[in-house]
Amino acid sequence: MKFSEKAYANRTAIAGHTVLDAVLLAAYVLEWIKGARTPGYLLLVALFMIVPVAIEWIVYHKNKEARVIRHIMGITYSLFYIFAIFTTTSAFAFVYALPMYMIITLYMDVAYCGAIAVGGFLANAAFVAYHALSVGYRAQEIADIEIRLACMVFMGIYMVSTTIGIKKTHASNLEEIQEQQGKTDTLLQSVLNISEGMVAGVAKATEQMSSVRDSVEHIRNSMNEVSAGSSESAESIQHQLERTEQIQIHITDLKDTAASIRRNVDGTAEKVEEGRRQMDHLSRQVQESMEANRQALDKMEELNEYTAKMNIIIETITSIANNTGMLALNASIEAARAGEAGRGFAVVANQISGLANQTKSATVNITELIENINQELSSVSRAVDVVAESNRANADSTEAVGDNFSKIEQETHNIAEQTKELVSIVEELGEANAQIVESIQTISAITEEVSAHASETYDACEENSKAVEQVTGIVQELSAGAEKLKSSRQRHS
């Protein structure tokens, strides 16, 4: 309820009047009990006490700011006061006006207070004049009269001056309150402007927090997928590492086999070189066959032995070539399984397969040559008796055999060179595969670390999501508070 100064003054004045009349009525009742007052006098006093107060309360409940209340109070109490001072025998009855003076000052009406003060003084002056004319005063009572009139004057002056002072103080306070109200209005306007800015900022912050929440949710889902993908990648890399280690084992075996092939080819080259020298010697023997038929037969036997040894060597080369072909096939299969990482190894496998095919081809040629030698030796055996006639044919055959051995020597040299290249390639392949193994191990470690960081990031996103929810709630509360402040300001405006 809004505070009303007039209503407060009326209620306080009526309450004071009620208390004052109650005290006075109680005093007159005591006077009646003691026999100093008659019942009629007490009844008249009671009417002066009760009826005005009752009327005042009734008017107050109908209109709390009614101006007539002060007039009812002043007139009725003035009548009672005149009745009291003219009917009492006490010289101090004039003090009954003093409590009412204090009550009247609540209205802060200088003119009304002045009228009451003048009325009180005139009532006492009239009583003094009436008493002087009717009864008279003794010399010692003159001082009481002076004190009585002076007191009424002083109380009237005090009441008026107090009212003026209170009114000025009230006006000053009112100006100060109005000034403070202006400052308060300015401050409230600033607060309202700030609150409006807060509402706009909070709205933007809410949008940003919503965007952040969506981003955090997206990051959390992405980190979940990254974590799952990293786990799968780690498993795949571990599986690939195992397969690569198996390839490394096969490369080591291939390296050993290639070294064995190289040793065998070197041995074959030596044998071929020896066969070529024997063929040269055979050529000379053919030229001298006319002179050393028996020596030719011996050389033919030695040649048969060498041919048998060459057959053994050819069988060894054929076995090596077959093993090399199988090794190349297995290497091609393993390279196909390895996929992109085995592409270089597939090239080596193809080279090995080509070398194996060349070795088989050279072995076939050598076998054919050996068969030709055997045929020639048979011819020589049949023509021992006619050596002289077949010397030229034997010389031609020997020359042909020498050429063939030159070819064998050349092919063997080529195989030796290719075998060296194969060994070098296998060594490079081994080093490359070792680097692949090391890289895969590094990638596996990195993948595991990425998976761990992805899991940590996912947990952090979970905490950030909760924090965003809390901040969003706080921002919404701030927004609601700012809206309430704005609405409250609008209502007070």
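Helix H2 (residues 39-62) and helix H3 (residues 68-87) pack in this predicted model at an angle of about 170°, their axes lying 9 Å apart, where axes are lines fitted to C-alpha atoms over the stretch in contact and angles run from 0 to 180 degrees between N-to-C directions; helices are DSSP runs of H or I with at least four residues, numbered from the N terminus. H2 is therefore roughly antiparallel to H3, a term for angles over 145 degrees. On the H2 side the contact (heavy atoms within 4.5 Å) includes Tyr41, Phe48, Pro52 and Tyr60, and on the H3 side it includes Val68, Met73, Phe80 and Thr87. The residues of this contact divide into 16 nonpolar, 2 polar and 1 charged, with Ala, Val, Leu, Ile, Met, Phe, Trp, Tyr, Cys and Pro counted as nonpolar, Asp, Glu, Lys and Arg as charged, and the others as polar.

Residues are numbered from 1 along each chain as its sequence is written. Because the model is predicted, local features need pLDDT of at least 70 and side-chain atom pairs count only at pLDDT 80 or more, whereas totals for chains, interfaces and linings use all residues, and side-chain values use heavy atoms, without hydrogens and water.

Asn10, in helix H1 (residues 5-33), is buried at a relative accessible area of 3% (buried means under 20%, with a 1.4 Å probe and protein chains only). Its side chain forms a polar contact of 3.0 Å with that of Tyr107, that is, a pair of N or O atoms within 3.5 Å, one able to donate a hydrogen and the other to accept it. Beyond its neighbours within four places in sequence, Asn10 is also in contact with residues including Tyr60, Lys64 and Ile69.

Met108 lies in the loop between helix H4 (97-104) and helix H5 (110-134), is buried at 16% relative accessible area, and has a positive phi near 50° although Met108 is not glycine.

Key: Helices (H or I, at least four residues) and strands (E, at least two) are DSSP runs, numbered from the N terminus. Buried means under 20% relative accessible area, exposed over 50%, partly exposed in between (1.4 Å probe, protein chains only). Angles under 35 degrees count as roughly parallel, over 145 as roughly antiparallel, 65 to 115 as roughly perpendicular and the rest as oblique.
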